[in-house]
Amino acid sequence: MGQSTRWLAWINGRQEEPTTGAFFTVEEPATGQPLAEVAECGLEDVHRAVGVAREAFESGVWANQSATSRGKVLLRLAQEIRDNVEQLAEWETRQVGKPIRDARGEVLTAADCFEFYAGAANKLYGHTIPVSATGFDYTIRMPVGVVALIVPWNFPFLITAWKVAPALAAGNSILIKPASYTPLTALLLGPLAAAAGIPDGVLNVVPGPGRTVGEAMVAHPGVDKVAFTGETRTGSRVLELAAPNITRVSLELGGKSPTIVFQGVDVDRVAFLAVQSAYANSGQDCCARSRILVQREIHNEFVESVVKHVSALKLGDPLDPDTEMGPLISQSHRDRVATYVAQGQKEGAELVLDPNAKSLPQKGFYLSPAVFSGVQSDMTVVREEIFGPVTTVQAFDSEEQAIRLANDTKYGLSGSVFARDIGQALRVVNQVRAGVMSVNSIKSVHLEAPFGGFKQSGMGRELGMEALEMYTELKNVFVSTD
Ligand code: NAD
């Protein structure tokens with residue numbers, strides 16, 4: 001998997017120059033230096049990729065293979081990924097700035113994801129329905145057709161796998177639109193898919209700007225479904241563009257998730273986990289539990305413990321195997337997060353861990369982590385998705401108030417409840433309006449279970465058998481026995 005610094009699109013089973021003739025530069029967040037030149041595709045490339053995907057779909061070369069046979073190809077793709085884990089992880093680390101041990105774990109989880117859907121492909125059952133007419137009624141799940149998969153930059157390879165694996169297992173042909181900060185590992189998937197036996201035209205990767213390539217895919221009449229992950233604002237635009245053709249859309253969007261902590265728990269252990277969940281991937285995680293809600297009796301002790309654990313995070317070169325936190329994705333994002341910190345102070349939040357207090361590597365887009373306490377629900381740092389290493393800690397006095405604060409957001413992606421009283425934890429879980437909750441754990445994602453948000457965090461569910469349903473149409477058939 002050796003790569004020159006010039007990366008081409010992957011269309012119809014081969015590398016393709018962009019018809020625009022243009023290339024854009026991907027920077028390495030840890031150094032701020034250019035990392036790769038990538039094909040900046042345009043409308044013609046999208047049109048061509050949709051055409052070959054449509055042709056592949058209509059030919060039945062993939063869709064008409066048995067589900068068992070598709071599953072076997074996906075198993076081979078999982079093995080290709082495992083065989084190339086080190087190269088994939090290194091490119092992932094270099095393009096995102098995430099610690100290499102996290103990148104390696106994500107690549108291996110991506111392989112697990114292909115294995116899960118390899119096995120799930122032939123378990124997508126229909127129903128038989130006892131209709132009142134004389135005869136036999138049954139349902140079949142059919143592939144939707146050509147599916148555009150639009151991916152963000154925070155977990156580029158893993159989220160690509162979350163979408164590609166079920167979409168292919170269900171028999172669709174796909175176009176992948178990686179984020180422009182992080183197109184490299186999606187482009188590496190093309191040759192791996194070909195080596196595994198995915199037929200030409202079934203999997204295409206079209207890098208380029210969201211405003212041109214992304215919009216053209218969503219609005220294209222040849223695209224039957226869009227599976228989008230990204231910001232809520234962009235998701236809203238995707239819905240608008242999909243409307244004229246009634247293109248199917250699923251959306252995985254932003255979050256502002258709570259960790260809710262009741263007295264009686266092991267404060268230091270829970271603070272450690274709360275820090276892991278909020279600061280992993282430098283806080284650039286849709287499920288980051290960036291709002292910590294703590295029962296007043298243990299609030300001060302909890303804040304102290306959070307500050308201790310955040311201060312201990314090893315920030316540095318993401319290629320160093322000991323590094324726990326790398327840089328942010330770009331200079332502009334770093335500046336945006338720093339502006340939120342300043343805004344929090346201006347609005348009167350208490351900055352109990354000041355990001356400016358720590359010395360940082362000289363190069364790259366680094367920002368030290370910040371912790372606010374003494375926050376009010378109407379403050380900007382409590383309301384908006386910052387998508388960086390910043391959390392707020394807020395005290396509550398009762399279970400009812402904890403639920404009210406947890407729900408006081410336009411988002412509803414995930415959340416954690418820590419309590420010794422399991423009845424209390426389950427009462428709270430039932431009332432928090434979010435798609436993914438965990439009790440005495442920070443784990444949000446299980447490949448076998450559905451993942452997705454309530455409210456403005458999205459619609460539809462990825463992962464689990466639910467994702468297969470999302471990539472299929474349901475057909476009902478009646479057979480008369482008269
Ligand atoms: P983004 O919305 O800026 O971009 C996401 C993708 O959409 C990129 O590939 C981008 O090029 C493309 N895009 C941008 N504008 C577009 C347009 N007008 N039409 C079509 N495509 C367009 O998001 P991001 O900054 O890459 O990612 C961070 C966001 O993603 C955060 O809000 C985060 O919470 C969210 N996210 C959600 C989940 C989830 O599963 N719910 C997972 C990861 C990230």
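A residue counts as near a molecule when one of its heavy atoms lies within 4 Å of it. By this criterion, in this predicted model, 27 residues surround the ligand. The closest of them are Val-151, Lys-177, Glu-215, Thr-234 and Glu-385.

| Residue | Ligand atom | Distance |
|---|---|---|
| Trp-153 (side-chain N or O atom) | oxygen | 2.8 Å |
| Lys-177 (polar side-chain atom) | oxygen | 2.6 Å |
| Glu-215 (polar side-chain atom) | nitrogen | 2.7 Å |

Taken alone, the ligand exposes 850 Å², and the protein buries 91% of that area. The space that the ligand takes is the largest pocket.

Which elements give two or more residues to the shell around the ligand? They are helix H7 (210–219), strand S11 (225–229) and helix H8 (232–242). Helix H7 gives the most, with four residues.

With regard to composition, the shell around the ligand divides into 13 nonpolar, seven polar and seven charged residues. Lys-177 and Glu-215, both listed among the closest residues, belong to this shell. At the level of domains, the shell around the ligand draws at least three residues from domain 1 (6–253 + 457–478) and at least three from domain 2 (258–446).

Technical notes
Residues numbered from 1 in each chain as written. Predicted model: local features only at pLDDT ≥ 70, side-chain atom pairs only at ≥ 80, totals over all residues. Heavy atoms only, no water. Polar contact = N/O pair within 3.5 Å; in protein donor to acceptor, adjacent residues only side chain to side chain. Areas by Shrake-Rupley, 256 points an atom, 1.4 Å probe, with all protein chains shown as cover. 1 Å grid on protein atoms, 1.4 Å probe; cavity = no way out; pocket = protein on both sides within 12 Å on 5 of 7 lines; lining within 4 Å. Sits in = over half its atoms within 2 Å of the grid points. Nonpolar A, V, L, I, M, F, W, Y, C, P; charged D, E, K, R; others polar. Domains from an automatic or database assignment.
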